[in-house]
Amino acid sequence: MDVFDDLVAEQDRLEDILTVLRPDAWLSPSAAEGWTVADVVLHLAQTEEAVVATIGAGEVGEEWVAPAETTDAAMERLVRDQRAAPESAFQRWRAARRAAVHALRTVDPQRPLRWIAAPMRSRALATTRIAEHWAHGLDITEPLGIPFPDTDRLRHVAWLGHRTLPYAFELAGGEFHDVRCELTGPDGSTWSYGPEGCGSTITGSGGAFCRVGAHRLRPEDSGLQTRGPYAADALRVLRNYAG
């Protein structure tokens with residue numbers, strides 16, 4: 001399926017869950033430390049609005065990351081400053097996510113779009129949006145005991161984690177080396193990334209790989225197998241997001 005269709009499907013799944021959420025659940029703690037469910041949805045609205053802004057004006061927004069401020073600190077500040085009632089956050093996200101998908105579908109696919117860590121084209125930016133909606137979907141559903149099964153859409157998230165390993169190593173102050181990933185999707189299919197015969201491999205569940213990259217699962221608890229001189233380090237620094 002097309003990456004934009006998969007983004008819509010991931011967002012549709014989350015919207016279906018949020019539509020029937022109990023009022024008290026919106027104000028309950030999410031798995032994102034310090035944020036309620038409503039805060040998580042507000043954050044998703046803010047980031048979707050930033051997609052529209054960067055496509056429309058070529059900028060993410062000066063208010064996002066102030067000098068000497070980390071990306072995580074900026075996200076905390078934006079949620080704190082714009083914290084809203086659950087219904088307001090929900091409607092803001094519903095409008096923003098549709099506007100963002102429309103902008104991603106219609107922008108020149110070869111145009112570099114300014115984003116947090118580095119410019120990227122529309123398909124890559126859509127992939128990051130799948131990764132973020134999926135990860136925050138976990139943050140919302142797991143504390144509430146709501147089913148949120150893995151889907152084949154996670155292949156985009158796994159690709160993103162592998163593709164950005166050089167960036168992850170740079171953030172960690174290490175040196176990147178090629179790593180091969182042979183992952184199993186929820187339907188039993190194999191997702192392969194990286195050169196064959198490079199000497200370092202990560203094998204196992206695609207869902208576990210994505211959770212490690214989202215920092216929702218520790219490498220040592222993932223069941224993933226590493227072989228070769230660089231695979232364990234790659235799993236340690238793996239991340240599906242900027243910051």
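This is a predicted model: local features need pLDDT of at least 70, side-chain atom pairs count only at pLDDT 80 or more; totals for chains, interfaces and linings use all residues.
At 2% relative accessibility, D139 counts as buried, because a residue is called buried when its relative accessible area is under 20%. If its neighbours within four places in sequence are left aside, the residues in contact with D139 are S30, A31, A32 and R216.

## The largest pocket

Helix α6 also has a part in the largest pocket, where it gives the most to the lining, with eight residues. This pocket has a volume of about 1100 Å³. Of the 39 residues that line the largest pocket, those closest to its centre are I116, E132, N240, Y241 and A242. Which elements give two or more residues to this lining? They are α3 (37-57), α4 (71-82), α6 (122-144), α7 (154-163) and α8 (165-172).

Sorted by class, the lining of the largest pocket has 22 nonpolar residues, together with eight polar and nine charged ones.

## The largest cavity

A search of the whole structure finds one cavity of 30 Å³ or more, and the volume of the largest cavity is about 30 Å³. The residues that line this cavity are E10, R13, I130, W134, D150, T151, R153 and L154. At least two residues of the lining come from α1 (3-19), and at least two come from α6. By class, the lining of the largest cavity divides into three nonpolar residues, one polar residue and four charged residues.

## Helix α7 and what covers it

L154, which lines the largest cavity, is also one of the buried residues of α7. Why can α7 be described as largely enclosed by the rest of the structure? Eight of the ten residues of α7 are buried, and therefore the helix is largely enclosed by the rest of the structure. The buried residues of α7 are L154, R155, H156, V157, A158, L160, G161 and H162.

The cover over these buried residues is made up of several elements, and it includes the helices α1, α6, α8 and α9 (206-213) as well as β1 (180-184) and β2 (190-193).

## Aromatic rings and charges

A pair of aromatic rings is described by the distance of the centres and the angle of the planes. A search of the whole structure finds three aromatic pairs. One of them is formed by W26 and F90, and this pair is tilted, with 5.5 Å from centre to centre and 50° between the planes. W26 lies in helix α2 (residues 23-26) and F90 in helix α5 (residues 86-106), so the pair ties together parts that are 64 residues apart in sequence.

Are W26 and F90 buried or exposed? Both W26 and F90 are buried. Together with W93, these two residues form one aromatic cluster. A charge is also found at this place, as R94 lies over the face of F90, at 5.8 Å from the ring centre.

Q46 lies in helix α3, and Q46 counts as buried because its relative accessible area is 7%. Between the C-alpha atoms of Q46 and S30, which are 16 residues apart along the chain, the separation is 17 Å. S30 is also among the residues in contact with D139.

Two loop residues have a partly exposed setting. D108 lies in the loop between α5 and α6, and at 45% relative accessibility D108 counts as partly exposed. D108 and R121 are 13 residues apart in sequence, and their C-alpha atoms are 8.6 Å apart in space. The other residue, H215, is found in the loop between α9 and β4 (225-227), and with a relative accessible area of 46% H215 is partly exposed. Most residues other than glycine have a negative phi. H215 has a positive phi of about 60°, although H215 is not a glycine.

Definitions and conventions: Residues are numbered from 1 along each chain as its sequence is written. Side-chain values use heavy atoms; hydrogens and water are left out. On a 1 Å grid over the protein atoms alone, a cavity is a set of points where a 1.4 Å probe fits but cannot get out, and a pocket is an open set with protein on both sides within 12 Å along at least five of seven lines; lining residues have an atom within 4 Å of a point. Grid points are joined across faces, edges and corners, and a volume is the space filled by probe spheres set on the points. Helices (H or I, at least four residues) and strands (E, at least two) are DSSP runs, numbered from the N terminus. Ala, Val, Leu, Ile, Met, Phe, Trp, Tyr, Cys and Pro count as nonpolar, Asp, Glu, Lys and Arg as charged, and the others, Gly among them, as polar. Buried means under 20% relative accessible area, exposed over 50%, partly exposed in between (1.4 Å probe, protein chains only). Contact means heavy atoms within 4.5 Å. Rings of Phe, Tyr and Trp (its six-membered ring) pair if their centres lie within 6.5 Å; planes under 30 degrees apart count as stacked, over 60 as edge-to-face and the rest as tilted. A charge sits over a ring if NZ of Lys or CZ of Arg is within 6 Å of the ring centre and within 35 degrees of the ring normal.
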